[in-house]
Amino acid sequence: MFSYHLNKKAFWIAALATLLLLALVFIGSRNLQNFDAALIAYLFGTVFATFGIVYRYAVWLQRPPTWLYFKRTWQILFSGRFLPYLWLFLRKSVRNIGFQYFIRPRGGRRWWGHFLLATGCMLAFAVTIPLTLGWIHFTMNPATSMDPAVSKLYEAHLFGFKVFEFRLGSIIASLVFNVLSWSSWLVIIGVGLFIYRRFTNGGLIATQSFEGDWLPLVLLVAIAVTGLGLSYDYAFLGGTTYEFMAVTHAVTVIVFLVWIPFGKFFHIIQRPAQIGVYLYHTEGNRKGMAVCPHTGKEFTSQQHVDDLKALTHELGIDFTINGQRSHLDYSPEGKRSMLAQAHLKARQESGRYFG
Amino acid sequence: METANYYKTDMEFFIDMQRCIGCQACVVACAECETNGHESMIHVNYVDRAHTIQTTVQVCMHCEDPVCARVCPADAISKDEFGVVHTANTARCIGCSNCVMACPFGVPFKQEQYDLMMKCNLCYDRTSAGKKPMCATVCPSGALYYGTREEMRRMRPQSSPVNHFLFGREEVTTKVNVMMPADATVLRVYE
């Protein structure tokens, strides 16, 4: 039977984050003056997603291994070597979060698929989230709009402040107005590459599940296609399917938002932890390496071994040997050799090597 | 996972490290596994090359309560309804190597080029379709065997399958068995 215990700490952190977001909606939209009421359903989806994401993130951080890396990341970043680690942090963030380049060695087409999909999503987030929260809005420049002889200027406002303007009909205008269409195409191509992989890769076929692997792709393509439908319906069909497109788009986007904390999309929130791991291992290697008592070779940082001893102890796992050494002092190869030697010894003592 | 319907629950994995002759056939065969992305995930190494030619072979033991999953900060490792502990979820794994260093059997690989942990997942593309893992089909010396308990009893009447291990003070129970002397119930790694 389904049972769930509310994590109070996570609940209050999530509630606080949600209230903060609502306050920023009021402030950013100048008391809802610039809020677009047509986006109210998206706002509810975003608010719920914020609560869910922060709640799950806070629960996740409370797991001892996660907390270890979270804590160590900030300790190391703000240690005496702040500047080199900040540079590493930024470099890895651009490379591995912005471009997801760590996927490239896993396969060229796989990286292209993910890069296009993620770039499309990030572009769309960058535009739609501030729009939904009422943080950005557009107006016509009053002076140019009154004069039929001059080309019209369009103004973009952030938090109620004018940040830039562009001429209607210009290249910039075309890029700004069509950014969501372009991002939809990026998502569609990316999803297409992943669907191809999932139809042809035997390993994926054996291990994939509908909920974990196909539903995210179906959802993303539904969002992208209906989003494109909103624009192309006006451009080519005279708005005849607008209602269908608008409702389907809203439903799919809201399902996407609400599902982020529960499903595969939560990896978007988890991924930055990888940057902390780079800092952790760089600092650990600098401090000194652990040497395996069996192989006599360095295998990981001493900091990693010591942290794992503390972590396993906290988790109720006890690898200590005779109260002094630990099985964790051995490298993976050393551990396998210890097992093999113990097996040999048991066989020798029984008087039979085989049987 | 439709193919999971064909998983044979009466089949088990049996390892006998003393039978390993270090031929590396399993290493080559393992790379045929599609769920590994054609990367070999089995370990064959000399135990103490300066003093003996003894080799050992190690597949994932698929622990009942996997230490690798417990120390994973990213919830990337999961166990399915058949007790198979799957390799890291590629979307979640952050490449920290906690699992690599904490696994008592020394099984997971950190694939530095992929920034990803990978490990044996019992050839899930094959076992979920009712077939045997690649390594067990090619092992010439019987160090790796996949079959029923009854088959193993007939083949090795003087041995018992053991799936309890003591690493220091930690007892680990696994899905995969190690063939031990007939009366053994546990393999103590350190006395």
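**Chatting through a two-chain model**

User: Leaving aside neighbours within four places in sequence, which residues is Cys135(B) in contact with?
Analyst: Cys135(B) is in contact with Cys26(B), Ala29(B), Cys30(B), Ile42(B), Val59(B) and Leu144(B), once neighbours within four places in sequence are set aside. Two residues are in contact if their C-beta atoms, placed from the backbone, lie within 7 Å.

User: What sort of model is this, and how does the numbering work?
Analyst: This is a predicted model, where local features need pLDDT of at least 70 and side-chain atom pairs count only at pLDDT 80 or more, while totals for chains, interfaces and linings use all residues. Residues are numbered from 1 along each chain as its sequence is written, and chains are lettered from A and ligands numbered from 1 in the order in which they are written.

User: Which residues have the most contacts inside the largest nonpolar core?
Analyst: Those are Ile15(B) and Cys135(B), in a core of 88 residues. A nonpolar core is a set of buried Ala, Val, Leu, Ile, Met, Phe, Trp, Tyr and Cys residues joined through C-beta atoms within 7 Å. The largest share of this core, six residues, comes from α12(A). Helices (H or I, at least four residues) and strands (E, at least two) are DSSP runs, numbered from the N terminus.

User: New topic: how many residues of chain A are in contact with chain B?
Analyst: 53 residues of chain A are in contact with 56 residues of chain B. On the chain A side, α14(A) gives the most, with 15 residues.

User: And by class, what is on that side of chain A?
Analyst: There are 25 nonpolar, 19 polar and nine charged residues. Ala, Val, Leu, Ile, Met, Phe, Trp, Tyr, Cys and Pro count as nonpolar, Asp, Glu, Lys and Arg as charged, and the others, Gly among them, as polar.

User: Where does Gly52(A) lie?
Analyst: Gly52(A) lies in helix α2 (residues 40-61) of chain A. Not counting residues up to four places away in sequence, Gly52(A) touches Val258(A), Ile260(A) and Pro261(A).

User: Why is Gly52(A) partly exposed?
Analyst: Because Gly52(A) has 19 other C-beta atoms within 10 Å. A residue is buried if 20 or more other C-beta atoms lie within 10 Å of its own, exposed if 12 or fewer, and partly exposed in between, with C-beta atoms placed from the backbone.

User: Last one: which domains does chain A have?
Analyst: The assignment gives domain 1 (8-269) and domain 2 (288-350), with bounds from an automatic or database domain assignment. Their centres, taken over C-alpha atoms, are separated by 45 Å.
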